[in-house]
Amino acid sequence: MTATIIDGAALARRIRAEVGARAAALRAASTQPGLAVILVGDDSASSVYVRNKVKDCEESGIRSVLERMPADTTQAALLARIDALNADPTIHGILVQLPLPRQIDERRVIEAIAPDKDVDGFHVANAGALMTGSPRFLPCTPYGVMKILEHAGVELAGAEAVVVGRSNIVGKPQAMLLLQRNATVTICHSRTRDLAAHCRRADVLVAAVGKARMITADMVKPGAVVIDVGMNRIPDGPNAGKLCGDVDFDGVLAVAGAITPVPGGVGPMTRAMLLVNTMEAAERAAARTAGR
Ligand code: NDP
């Protein structure tokens, strides 16, 4: 068997076009959707991510404001900046690029963002809303994965879904979303005994670990749908430094039924879902204003 390769980049293009149409409609109704992105320090990977987010906004008709703050920014200064953006009616979404410098408490910062502008979906109010089944903003990566599964026509009700990784931004919300779609969900992590046995049971396997190519063909059930969230750099060999996922793509391709590539799978969908969340925030704000 050779797996179908799911083209996340093409699906993301479609979603961006839909966002563009929604943004134009909202502008015509006198609201310009706006996203503020805060970058503290000059981490090179973060700078690239932020640049891409700003570019995506421009292409979709969303106004973006990039706020660069120096690496020695105090927590108080960052919180004050967030307060100002919370109060700014032209800003509908606020995103603080993680990780933050050591002197800043990440959790404090996330909780300072107004929940109705928390387009990353990391605020405890949004995490709780997801947990209790009435989500407002879904974290972009698991949201993107759900869109990929929907687009690929994967039947989730009753399916065995295994999520490898339990971070607050990917693994846990991913598991919750799969559960809401009636999959039977297992969450694996670094203390899981016999990871391979769990993975082999999966009809849908989501790898969100951060370890290059750790999911190998012998860990995959024939015909399974494999979603690779990982973004790693190949440590050595002729392709050293190139981007790769948590899944050994070439090996798993021969066993799985469908698989997302890295790059070109979950990554572009994560970016696209940020635009969707920002549009939703802007549309809700416009509806609130109209209802006054
Ligand atoms: P974290 O480091 O926060 O979490 C990694 C998880 O993997 C942890 O729960 C950890 O377990 C688990 N883990 C580590 N080693 C093993 C192991 N040997 N066996 C089983 N589980 C293990 O990472 P993130 O969730 O933030 O990100 C995961 C990956 O996804 C990274 O490569 C990241 O770059 C990528 N990513 C990609 C995005 C995209 O847009 N494509 C967006 C966000 C992330 P424990 O909890 O026990 O430590």
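This is a predicted model: local features need pLDDT of at least 70, side-chain atom pairs count only at pLDDT 80 or more; totals for chains, interfaces and linings use all residues.
Biologist: Fine. How is the protein divided into domains?
Modeller: Domain 1 covers 30-115 and domain 2 covers 140-266.

Biologist: How far apart do the C-alpha centres of domain 1 and domain 2 lie?
Modeller: They lie 29 Å apart.

Biologist: On to charges. How many salt bridges does a search of the whole structure find?
Modeller: The search finds 10. One of them joins R271 and D56.

Biologist: What separates the closest N and O atoms of R271 and D56?
Modeller: A gap of 2.8 Å. This pair links distant parts of the chain, 215 residues apart. R271 is in helix α10 (residues 266-291), while D56 is in helix α2.

Biologist: Is D56 buried or exposed?
Modeller: Buried, with a relative accessible area of 2%.

Biologist: Which residue does E67 pair with?
Modeller: E67 forms a salt bridge with R81. Their closest N and O atoms are 2.6 Å apart. E67 lies in strand β3 (residues 63-69) and R81 in helix α3 (residues 75-87), so the bridge ties together parts 14 residues apart in sequence.

Biologist: Why does E67 count as buried?
Modeller: Because its relative accessibility is 14%, and buried means under 20%. R81, at 28%, counts as partly exposed.

Biologist: Switching to rings. How many aromatic pairs are there?
Modeller: The count comes to zero.

Biologist: OK. What lies over the face of F137?
Modeller: R284 does, at 4.6 Å from the ring centre.

Biologist: Last topic, the surface. Which residues form a nonpolar patch there?
Modeller: V48, Y49 and M231. Together they have about 260 Å² of accessible area.

Biologist: Where is V48 found?
Modeller: In helix α2 (residues 44-60). V48 is partly exposed, with a relative accessible area of 37%. Helix α2 also holds D56, the partner of R271.

Definitions and conventions. Residues are numbered from 1 along each chain as its sequence is written. Side-chain values use heavy atoms; hydrogens and water are left out. Patches are made of residues with over 30% relative accessible area and no salt bridge: like charges are joined within 9 Å, nonpolar side chains (Val, Leu, Ile, Met, Phe, Trp, Tyr) within 5 Å. Accessible areas come from the Shrake-Rupley method with a 1.4 Å probe; for residues, only the protein chains shown count as cover. A salt bridge is a side-chain nitrogen of Lys or Arg within 4 Å of a carboxyl oxygen of Asp or Glu. Helices (H or I, at least four residues) and strands (E, at least two) are DSSP runs, numbered from the N terminus. Buried means under 20% relative accessible area, exposed over 50%, partly exposed in between (1.4 Å probe, protein chains only). Rings of Phe, Tyr and Trp (its six-membered ring) pair if their centres lie within 6.5 Å; planes under 30 degrees apart count as stacked, over 60 as edge-to-face and the rest as tilted. A charge sits over a ring if NZ of Lys or CZ of Arg is within 6 Å of the ring centre and within 35 degrees of the ring normal. Domain bounds come from an automatic or database domain assignment.
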